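Thanks for sending this one over. Here are my notes, in numbered points, to read alongside the coordinates.

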Amino acid sequence: MQEIRDVILARAERLQAGDAAGTQQHNAPEVVEYTLAPPLGGPADGRDPKPLEAWLAGFEAPPRREVTHLEITADGDVAFATSIDSMSATPKGSSESFTLWYRVTLGLRRIDGRWLVTHRHESVPFLMDGSFRAAIDLEP
């Protein structure tokens, strides 16, 4: 399971370095993605760095990423991992930074001897009080 942990932490490090292509090298050619940003999700080209580059361009500097509470379950050539991650960043043109904690679930497969991400789901809880506002002030 150390190999899987290394993949997950390398993805976070590459994102923090602003290296979209390096982040994507840990993906399978096709990935099912449900990310924090629209759209709702679906299949995506797991190796294409352009969408991630466009997202990174919206920040003054690449976001700082922290992976916490990482739990990995693997059997054979299939694994899934859950974590509570944080992202700290300053949006382009803003003087105010933010830190957001969110939930992450990754599905991985061993393909040609390498563990690659095939499914990514990120979410933020929302308030169940009828306002449906994202609960972005939560911390683990």
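1. Glu 66 and Arg 64 join their side chains in a salt bridge, 3.9 Å from N to O. The term here means a side-chain nitrogen of Lys or Arg within 4 Å of a carboxyl oxygen of Asp or Glu. Glu 66 is partly exposed at 32% relative accessible area, and Arg 64 is partly exposed at 40%. For these labels, buried is under 20% relative accessible area, exposed is over 50%, and partly exposed is in between, with a 1.4 Å probe and protein chains only.

2. A word on the basis. This is a predicted model, in which local features need pLDDT of at least 70 and side-chain atom pairs count only at pLDDT 80 or more, while totals for chains, interfaces and linings use all residues. Residues are numbered from 1 along each chain as its sequence is written, and side-chain values use heavy atoms, with hydrogens and water left out.

3. How many salt bridges does a search of the whole structure find? The search gives seven. One of them pairs Glu 33 with Arg 120 at 2.9 Å, N to O. Since Glu 33 lies in strand 1 and Arg 120 in strand 6, this pair ties together parts that are 87 residues apart in sequence. Strands (E, at least two residues) and helices (H or I, at least four) are DSSP runs, numbered from the N terminus. Both partners are on the covered side of the cut-off: Glu 33 counts as buried at 19%, and Arg 120 as buried at 17%. A network of salt bridges links Glu 33, Arg 120 and Glu 122.

4. Asp 19 and Arg 14 also meet through their side chains in a salt bridge, at 3.0 Å, N to O. Asp 19 is partly exposed at 26% relative accessibility, and Arg 14 is partly exposed at 28%.

5. Helix 1 passes a simple length check. Its 15 residues (2–16) should span 21 Å at 1.5 Å a residue, and the end C-alpha atoms are 21 Å apart, which agrees; the expected span is 1.5 Å times one less than the number of residues. Buried residues in helix 1 are Ile 4, Val 7, Ile 8, Ala 10, Arg 11, Ala 12 and Leu 15. After the helix comes Gly 18, with a positive phi near 80°.

6. Asn 27, in strand 1 (residues 27–34), is worth a look. Asn 27 is buried at 1% relative accessibility. Leaving aside residues up to four places away in sequence, Asn 27 touches Arg 11, Gly 46, Arg 47, Leu 116 and Val 117, where contact means heavy atoms within 4.5 Å.

7. There are three aromatic pairs. Rings of Phe, Tyr and Trp (its six-membered ring) pair if their centres lie within 6.5 Å; planes under 30 degrees apart are stacked, over 60 edge-to-face, and the rest tilted. Phe 59 and Phe 98 make a tilted pair, 6.4 Å centre to centre with 45° between the planes. Phe 59 lies in the loop between helix 3 (50–56) and strand 3 (64–75) and Phe 98 in strand 5 (residues 98–111), so the pair ties together parts 39 residues apart in sequence. Phe 59 is buried at 10%, whereas Phe 98 is partly exposed at 28%. Ring pairs link Trp 55, Phe 59 and Phe 98 into a cluster.
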